[in-house]
Amino acid sequence: MRIAFIGAGSIFTPLALYTIANSEILSKAEIYLVDIDKERLEFIEAVGRKIGKVFKKELKIWTFQDIRGLEKFGIDYAVISVEKERYKRWRLDFKIPHKYGIKQVLGENGGIGGLSHTLRVVPLVLDIAKELEDINSDARVFIYSNPEPRVTYAVLNYTKLRNVYGLCTGYLERKEMLAPLLRVKENQITFIAAGLNHFTWIKEFYMDGEESYEKLDSALEKNPKFEPLSQLLYRAFGLFPSPDDNHIGEYLSFAWDLIPEERKGLKWIERTKKEGEEVRKLLRLFLKGLVPKFAFNKFIKFPDIAMNIVEGLDGKEKLQEAINVPNKGYINLPDGTIVEVPAEVSPGGVKPLKVELPGEVIPMLRTQAEIQKLSAEAAAEGSLEKVVKAILLDPLVNNAENGLKAIAELIELNLDMLPQFSEENMEEIRKMIKG
């Protein structure tokens, strides 16, 4: 079993290495760490070797600064988690639309900020995916890079890779938030949810294997200030959404006023950045032997999603509660839309499950499904026409002229990371804005 981690310096990789070291199925795998940042690569290699030593599994690790180094080894699985200048660019994705009066909760995966993010990340990941298809076009590829469903759509539609899955920890975060409310541990909660990434609806809710939607309803009634946006949607449509208010709020025009200041905008961006720094700080202490094994075990609440799926594919059949795949009738959205649904995972493959959602929630999802398609295609093709269509469809855009001005400014500011666009494109979009 050969597993490559592209963008190995990501905070996802230590959890994956921990999961590998604690799995009888995975621990004998060959692990290929790939990152252009030498310092990060050496750090994550040291973390991997330390994890192997602490958990008494000598992990087989190779490192590469160039993905082409994998050619002589081959791969069975690849995990992509890449981003460039994440926080610097994310701040712009939030601030520029806000300057034009467009209030985005986060500006990461939805709204004009999400479109700008898509335009940057899709070319980056497509370059990686095209390298992977030359190494093994049948490899199973897992994508963590946001905006994750749009990136997944692009890889499936603009490369020869076909076994491609988008992954997100959102459903696990929903469990972490609900557990204190219900006075249970996170791993006691399971649910069946479906929709779009960062905008799913919980159809069935269980605690310790027993249907517990009534207990959830009761807990929410006693805590009316808990996630007001999610509670509003729940009372209106009858299903509790996931993963949380600020992620769902990226897709809804009325979300801004319902979400507290500390959970949106620049405050949330800085909080996210700080959380990543805290993880790296913990790992540095772990390398020094200052974090004991039992503390490390306590810190890790869930296995890595990608490695959990690989374990299922290689012999340990399981239900994966959330995976992003092209729609084939799993929910009532157009085929080909990247939808988030549960799936049965076994040596026979990944089998997504059909989930019936109330008809009333579909229009919200359908609009975002079309924006997903347009933004991914715009990013892959360098199509300004599709950029404009995505802007005009977006519920967060309350003024067409301002929306176009915002995306024009973002494209200009990010031009160094947008190989699909040129100065000629900028003249074209300026003309569109004027007329």
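Modeller: Before we start: helices here are DSSP runs of H or I with at least four residues, strands are E runs of at least two, and both are numbered from the N terminus. It's a predicted model, where local features need pLDDT of at least 70 and side-chain atom pairs count only at pLDDT 80 or more, while totals for chains, interfaces and linings use all residues. Residues are numbered from 1 along each chain as its sequence is written, and side-chain values use heavy atoms, with hydrogens and water left out.

Colleague: OK. Where does Asp208 lie?

Modeller: Asp208 sits in the loop between β8 and β9 (210-211). Its phi is near 50°, a positive value in a residue other than glycine.

Colleague: Is Asp208 buried or exposed?

Modeller: Exposed, with a relative accessible area of 55%. Buried means under 20% relative accessible area, exposed over 50%, and partly exposed in between, using a 1.4 Å probe and protein chains only.

Colleague: And what's the phi of His198?

Modeller: Near 65°, again positive in a residue other than glycine. His198 is in the loop between β7 (189-196) and β8 (199-207), but it is buried, at 6% relative accessible area.

Colleague: Switching topic: which peptide bond is cis at Pro147?

Modeller: The one from Asn146 to Pro147, with omega near -5°. Pro147 is in the loop between β5 (140-143) and α5 (148-158). The bond from Ser242 to Pro243 is cis too, with omega near 15°, and Pro243 lies in the loop between β10 (240-242) and α9 (245-248).

Colleague: Now helices. Which residues of α3 are buried?

Modeller: In α3 (residues 86-99), they're Tyr87, Arg89, Trp90, Asp93, Phe94, Ile96 and Pro97. They pack against α4 (111-136), α10 and α15 (400-413). Just after α3, Gly101 has a positive phi of about 85°.

Colleague: At what angle do α3 and α15 cross?

Modeller: Roughly 150°, with the axes coming within 9 Å. Axes are lines fitted to C-alpha atoms, for helices over the stretch in contact, and angles run from 0 to 180 degrees between N-to-C directions. The two helices are therefore roughly antiparallel; angles over 145 degrees count as that, under 35 as roughly parallel, 65 to 115 as roughly perpendicular and the rest as oblique.

Colleague: Which residues meet there?

Modeller: Arg89, Leu92, Asp93, Ile96, Pro97 and Lys99 of α3 meet Ala406, Glu409, Leu410 and Leu413 of α15, where contact means heavy atoms within 4.5 Å.

Key. The expected span of a helix is 1.5 Å times one less than its number of residues.
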